[in-house]
Amino acid sequence: MMRITDHPILEDLEKRPVTITFNGMDYQAYEGESIAAALLANHIRVLRYSEKNREPRGIYCGIGHCYECRVTVDGKRSVRACITNVQDQMHIESQDRDDS
Amino acid sequence: MKYDLIVIGAGPAGMSGAIKAASYGAKVAIIDENPSVGGKLLGQLHKEPKSGWWHGRKIAREMETNLRQTEVTCFQGKEVWAIYPRWKVLMNNGEELQSEYVLIASGATEKAIPVPGWTLPGAMAVGAAQTLTNYHRVKPGNKVAVIGVDPLSLSVAHQLKLAGVHVVGIFLPPNNEFSKDKSTPSQMISYLSSMAHAAPNIFLKFAGNMAKYPFVQQVGAKFYPWFGIRIWGTPLYLRKTVLEISGAEQVEHIKVAPVSQEGIPNEDRVKTVDVDCVCISGGLYPLTELAGAVGCESVYIEELGGHIPLHSPEMETTQPGIFVAGNITGIESAKVAMEQGNLAGTAVAAKLGLVSYKLIEEAQKNVTQARDNAVITFQQNIGKGREKSQQYWKEYYSKGGEAICRQLMLS
């Protein structure tokens, strides 16, 4: 379980579930969370592959600075998963997979 | 669209500046590339000695309400792509805002310490782990190693523990030209001792107390146990380094080696530890690109964390009308950033003729007070850094720098 519940200090968040797809699969996410957080909560760390050597890449800086987490969202390339919130029915794809 | 003030960056400094100026009657816009306002405030969580838990997300929400109440126009999820004289702010959607006054509060970013294998998914900056844990409430990993010993990494290690994450240890970074002193046990112990005068969590407090005694400082590195010292169940390894991060598609292991007092690893005693996440912490530096692009003069001040835009005691840069506040002026806590924002907001309101210049002095006192009472100090000798900054400004000003700038602007 990647989601943090029963935090000793922080009260639980009010969460409204939405559905997103990543590489063709449906996942549950919550409104107001970033794409990177939602995918990680679903045990997904590999967000894309590097252009040259096809090495896996995931979230690094978390503030939109390093661009390591870029994904294709609803057909738009290189959207930063760390500073873009999920939306219901959002289609996310990882970039530069060999089969993509 | 014309405004009295355009604020860039909706973290603690930018929001404070916007709210302050707007509360005096200025028409203010604030721009931030994130979907929510708050900046790094959103992930902060520590205990204040007098007021209890500092819950960044909650404070950001309160400030968001204040932004609304003072009728500040918020451009969220928008990037600033250019600032033209004097001054037009161009956003990535093509929209252009105009104002005589711009407050750049772009904050800071993390210094990277490269570690072999650090591009694997699961290796991340310690600040990313902080936001995931405290803001999104998602564990960055189930078994986490922290690399780098500094106030931020120790705070985040504590926050990970609070959230129920297993932290396998806090390690020194590998010795390379990016880590420098941060990979040397003896340097780290004396550094920790200088940072812990008012530590807000058990990790920082412990590290500071351990190093407070001269005896420990001198021989600490030599006698610091190889197996680390456990703080609340998490080992702090000041004699161990991470040589490599490995895994097929994502982080699966780290290779750990003991190091000499001087930071040289013993390659014969390498151990493999299973982890699924590695948080790397190399410290913070001011994010000044935008100020640089506008032509603001900058200076390098080690004590403040790097290059900063030269600025007056009222927070105005060498470009008339361009103000700065928060971590772009040096790495300090959110409370200091807020007071700097208040100061910049007050100074702009005074220039606009909305309030008396006398209020600036009071705002300056509040900055100093916040600095003196700071619970977390990120830099050694911050006061000295601030003195240097003021000295550089005086020198620049006495050489007619401002006049030179104005001439350049007109030509």
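Quick bit of bookkeeping to start: Lys and Arg count as positive here, Asp and Glu as negative, and His and the chain ends are left out. The place of a charge is NZ of Lys, CZ of Arg, CG of Asp or CD of Glu. On that basis chain A carries 13 positive and 16 negative side chains, with the centres of the two sets 8 Å apart.

Now, what are we looking at? This is a predicted model, where local features need pLDDT of at least 70 and side-chain atom pairs count only at pLDDT 80 or more, while totals for chains, interfaces and linings use all residues. Residues are numbered from 1 along each chain as its sequence is written, chains are lettered from A and ligands numbered from 1 in the order written, and side-chain values use heavy atoms, without hydrogens or water.

Okay, chain A. There's one helix and seven strands, counting DSSP runs numbered from the N terminus: H or I of at least four residues for helices, E of at least two for strands. Along the sequence the pattern goes β-β-α-β-β-β-β-β. The C-alpha trace spans about 45 × 25 × 20 Å along its principal axes.

How much of chain A is buried? Of its 100 residues, 55%, where buried means under 20% relative accessible area, exposed over 50%, and partly exposed in between, using a 1.4 Å probe and protein chains only.

On to the aromatics. A pair of rings is described by the distance of the centres and the angle of the planes. Rings of Phe, Tyr and Trp (its six-membered ring) pair if their centres lie within 6.5 Å; planes under 30 degrees apart are stacked, over 60 edge-to-face, and the rest tilted. The structure holds five such pairs over all chains.

Why is B:Y101 with B:F323 called edge-to-face? Because their planes sit at 65°, with the ring centres 6.2 Å apart. This pair joins distant parts of the chain: B:Y101 is in the loop between β8 (96-98) and β9 (102-104) of chain B, B:F323 is in strand β22 (residues 322-324), and they are 222 residues apart. Both B:Y101 and B:F323 are buried.

Then there's B:W393 with B:Y397, a stacked pair: 6.1 Å centre to centre, 25° between the planes. Both lie in helix α11 (residues 382-398) of chain B, four residues apart, about one turn of the helix. Buried or partly exposed? B:W393 is buried at 9% relative accessible area, whereas B:Y397, at 47%, counts as partly exposed.
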